[in-house]
Amino acid sequence: MGHTSLEKIIALQKKTSCIRNLCILAHVDHGKTTLADSLVASNGIISSRLAGKLRYLDSREDEQIRGITMKSSAISLHYTTGGNEYLINLIDSPGHVDFSSEVSTAVRLCDGAIIVVDAVEGVCPQTQVVLRQAWLENIRPVLVINKIDRLIVELKLTSQEAFTHLQKILEQVNAVTGSLFTSKVLEERAEKDAEAQSSCTENSSADQVYDWSAGLEETDDSDLYFSPDRGNVVFASAIDGWGFRIHQFAEMYSQKMGIRSSVLLKTLWGDFYLNAKAQKIMKGAQSKGKKPLFVQLVLDNIWSMYDAVVTRRDKEKVEKMVTSLGLKVMSRDLRHSDPKVLLSAICSQWLPVSQAVLSMVCEKLPCPAEISAERVEKLMSVGARRFDSLPEKTQELKKESPAVQLPLTQEEISQRRELARQRHAERQAANQSAESPRSADAGGTSTPAGPAGSAVTGKNLTYALCAQTEALSVKAAVEEESKEHFVAFARVYSGIIRKGQKVFVLGPKYNPSLALRLPEGCSVADVLPSIPHMACCTVDRLYLLMGRELEDLDEVPSGNVLGIGGMEEFILKSATISTSPACPPFTPLSFEATPIVRVAVEPKHPSEMPKLVRGMRLLNQADPCAEVLIQETGEHVLVTAGEVHLQRCLDDLRERFAKIEISVSEPIIPFRETVIRPPKMDMVNEDLGKQQKVAVIHQVKEEQMKIPEGVQVDSTGLVTLTTSNKMATVGVRAIPLPEEVTRLLEDNVELIRTMEQFSLFAWEDKTLDINQKILENIQDFKVKLESNLQGHKWRGAVEHIWAFGPRRFGPNILLNNIEGYRRPSVWQCLEREKETERAEIRDFDNSIVSGFQLATLSGPMCEEPLMGVCFSVETWDMKISVPQAQQDSVDEDSQPSEPNNDDQSERSDMHETSSNRSRSRAEAAGGSVDCYGPFSGQLIAAMKDTCRYAFQAKPQRLMAAMYTCEIMATAEVLGRMYAVLSKREGRVLQEEMKEGTDMFIIKAVLPVAESFGFADEIRKRTSGLASPQLVFSHWEVIGSDPFWVPTTEEEYLHFGEKADSANQALKYRNAVRRRKGLYVEEKLVEHAEKQRTLSKNK
Amino acid sequence: MSIFTPTNQIRLTNVAVVRMKKGGKRFEIACYKNKVMSWRSGAEKDLDEVLQTNTVFVNVSKGQVAKKDDLSSAFGTEDLTEICKQILAKGELQVSDRERQSQLEQMFRDIATIVAEKCVNPETKRPYTVSLIERAMKDIHFSVKANKSTKQQALEVIKQLQQSIQIQRAHMRLRFVLPARDGKRLKEKLRPLIKTVENEDFDEQLEMVYLFIVQVCLIDPGCFRDIDELIRCETKGKGTLEVLSLKDVEEGDEKLE
């Protein structure tokens, strides 16, 4: 068979009924690409000798090296059967879990799917996944049971055993399909029930009898299943190049044996046997111990061939077989030392796999014009928005084009049809106003131009949507001039796409109702006002995808899969292209795998940062399932679906997109520091008060903080500190905030920021207008705070709030509990009207706040921000009542802002060069004019230190960021999954069984710090049957005390003397401190005697 | 041992000698290697893990033990453990390679952390990560000096890094209010210190007769003191200056698109 010419393909593209779009889906290593190879070979693109070895569609280098497919690739094939010519757009998809996004893409573009199952391994996890995906996208599957040769050669099964084995596999596959079907029916049933319940009151009597059937019986599911006698199952060995459907054998034997082929067809698969005497086909082969028909007529032949060719290498017998089958085998093949060569030479002529598969595909899979109604509906209704909500928006548009309205209203058709028609109408309207007479554009097939045509071709139009899904993934290809070119992988759902055509690119979030506000008859050519998620561009190039090559095309009619070039700037991951702005964007793809593996990426050479950023942008565009983000810490984080996917993304980055060396590391894990109430229990859950302390000299819990001189700590945790020039004294107490308050503060960051801004303006006697809504929100926030801060301790606390921190809006509070000091409250924006007597602000008020801000920004444990801590300032004495500022003849007017001015300088001092600092000290010492400047700085430092010591006087705890983790798993892997969870300090919150399936949904929380490699581990341990999804949820206090050492007898017994195994918090703390280069209390060598100290040359 | 074996060299392995001169006499103690610093920092609490023996020597390698009289006259006690503790705390020793290495490593990381905290990538206005800074520091062959403060070295290294990568001190965001009278004049003086002026505003204040110039601008933190001084001196305390943010960086995560 020669190479099919491009013209031929172009001609075929126009005949929608002759197009088959299909993809090959399977578990990893079940032979998708090999099967694709033999199909490709049938078109003469590669030699049939190489089929199965070349893996033509694995075009990437790493795909070839690893031997797994990583990117989907498409190819158009030509196939002739029974006088009909077909164009087959074949997409080969990867089977590995990590690349299931590619599978989703492929499924979206296709109308049918070939499910490949390994005859030895049977149904594997990914097989279930792809079946589910095919089911969800409403595409029709056919089955290929591959690698039957392994049953013969490796497992050495007899043909009888093989038959039972194959039956089992088929049952498994059908069981999966069946369960999908059941769950759907049950879901529908539940929905119906819910509806019924609402209407129950009216006809309760009718509903008396409970319907046990659950609707399963009523719904016909027979056409869902795979069965050889239906012709949707192929038995094959792609590597040896053979494959068949029982049709082929049925026809063959009907001639030989004189039994009608239809009868044979029905009996060839199943429990039937041939009664040679009676010349009859009888039932019950198994019970009578007879060979089933399938074994006798089909498998035995294959077995004997393998026996002759591979096992025994019987030349004569082979020749006999070849002649009896009427085949010609080249003598070169006959003489070849490898029996496999001969085998495939014979088989590929006798039962060519491409023939079997392609004929099945052409017969059993639908053509693009027969897209099922449900699928159209699904495509058009985005997310939660119901399909019904869409038409109203297009309703107006319908009126805009009166020419089409008329024929439409005459027919009573489903809403869906109407919709499609409207789309069509819009498109026509658009076309007309643009005065581009494109007659063929109108419908899927041969539609004459004009409004009348639309009525005539109603049938065709019904299924044609007026746009193509640019279903994603920009297949990176074609390297020219070292620049990457993106080719978008797309399918035309309706109309014809032409080179040079102007189209709208609609992003996934595009809302057609926005565009409909545009003036009537607005066309693509017009310059549009910017509408979110919509762009206008020209189709640069169209390609026919031919595996590794691309062929240029001028236009592509509907129903075809194609590549579009020149869309780099407009498309991110996926988009819908339409000539009509009223077209809704197609539903985003449903991914089985969400990106969860997070790594931080850095260039090897720091100067190459811009290249990395550019490369990551490209990667993000090219890969539907990779996410790229820059974190606040400046890390570039890459999120991928799994380790293999990650590897591929990194390779892509290195070699294609960024072209630099990169290094990968675990992302930085944030922590928070907090204080808690003194615990009542010790580590072994004993009451602390009653315990006898064990006095071992070096194990007594030391006072952790080494308090320097000049700091007084009283028993209640009040810390007092005097500035170094002995002029001011501050006393601060740290109090843990209730959890709800912390959460409240976190949630209302924006409000706090507004309040802060307001008081800043008030500072300068200006007013900031805040709208009423926000004011109400603030009021609400205040009330909530008050309700949460109940009790004796917190009396009036809300009114006394001095500031929030860090950065003025964080989850920590500074309280003003100084007697006799009233300052304007942070709530002053609320009581603007009342304008009470202006509370005076003490000098250096701002220094205290700055000190508080600095203290909350980095805590004493590991310099991480604080959270949920309240610092209450109880005393603040100044030796000198008025700072020397007064001497400087400063006007009274500028007084409020003056100290502010100064202390800022000191705040910056923290960041100043030390040389600068020493200079300022000199100033202070000299007692010059400016000596109060440094004083405010001293006050900040004093305040900061006081806060830190006050913090340390309380029991300190670390807070870890937590992920909530949702895991779907089957019952049999639950145990192993729990093992992984508990190993990583996870906690299960709930587990539920999903109705109608054997899947469990488990909700758990897991510290972010433990999540690195979690997804991979859980997949490995459960052989891919459980897949977690991680979402950041909250901060949680780690129970253990980072400074804890065993002190009681029980604790000794339990943890031993060192107790270094139990303390998670200490581990985290040390890790952070080590990363930051802070001092870690850690011995260089653990055991003095056990070190190697001899130098090497002695 | 009674039999003197003719080995020509005696090697002390795993011994670190801590010396101290007191009362005109030299005292030495024999400790384990890599342990003395841990003891001094408080990480090691077990004295037996530090001392080979609690004997005090005059010369460790020769095995000459210090005399009791000398000890009691120099230290005023005969408790050997107590004396050892004193020598451990105040004596001089050769810092072993691993101790030095870990100390320098720690300082190196500390410097990198300080640099990362203070600086941003001027293009994205986002900080660099510590590991990236570390790598950049290695690239320019920066070597840590153990006797200089880390902060000081960090400021030096920023200048050096600027030649190899795009890095910048994070700017401060300031706002000043100047009286109009001095405003014009001051502005010219401030101009060279200010990186970018984001917003300039003339405003009639309510009660005051002055016209105020409100400026929101970004400056390099090194110039802050100069600006502060300028404004205070030139306007005689009428101009105000406030820091809106110490570090002008982008906040929150950003998705690259």
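User: Which conventions apply to the numbering and to the predicted model?

Analyst: Residues are numbered from 1 along each chain as its sequence is written, while chains are lettered from A and ligands numbered from 1 in the order in which they are written. In this predicted model local features need pLDDT of at least 70, side-chain atom pairs count only at pLDDT 80 or more, and totals for chains, interfaces and linings use all residues; side-chain values use heavy atoms, with hydrogens and water left out.

User: How many aromatic pairs does the structure hold over all chains?

Analyst: A pair of aromatic rings is described by the distance of the centres and the angle of the planes. Rings of Phe, Tyr and Trp (its six-membered ring) pair if their centres lie within 6.5 Å; planes under 30 degrees apart count as stacked, over 60 as edge-to-face and the rest as tilted. Over all chains there are 17 such pairs. The rings of A:Phe235 and A:Phe294 have centres 5.3 Å apart and planes at 50°, so this pair is tilted. The pair links distant parts of the chain, 59 residues apart: A:Phe235 belongs to strand E6 (residues 233-237) and A:Phe294 to helix H11 (residues 293-311) of chain A. Helices (H or I, at least four residues) and strands (E, at least two) are DSSP runs, numbered from the N terminus.

User: Is A:Phe235 buried or exposed?

Analyst: Buried means under 20% relative accessible area, exposed over 50%, partly exposed in between (1.4 Å probe, protein chains only). A:Phe235 is buried, at 0%, and A:Phe294 is buried at 0%.

User: Which residues are linked into a cluster by ring pairs?

Analyst: The cluster includes A:Phe235, A:Trp242, A:Phe294 and A:Trp350.

User: Which residues have the most contacts inside the largest nonpolar core?

Analyst: In soluble globular proteins, nonpolar side chains tend to be buried together. A nonpolar core is a set of buried Ala, Val, Leu, Ile, Met, Phe, Trp, Tyr and Cys residues joined through side-chain atoms within 4.5 Å. The largest has 86 residues, and A:Leu638, A:Leu814, A:Phe871 and A:Ile967 have the most contacts inside it. Strand E32 (residues 956-970) of chain A gives the most to this core, with 8 residues. Apart from this core lies another, of 79 residues, among them A:Ile169 and A:Tyr253.

User: How many helices and strands does chain B have?

Analyst: Chain B has 8 helices and 12 strands, and 46% of its 257 residues count as buried.
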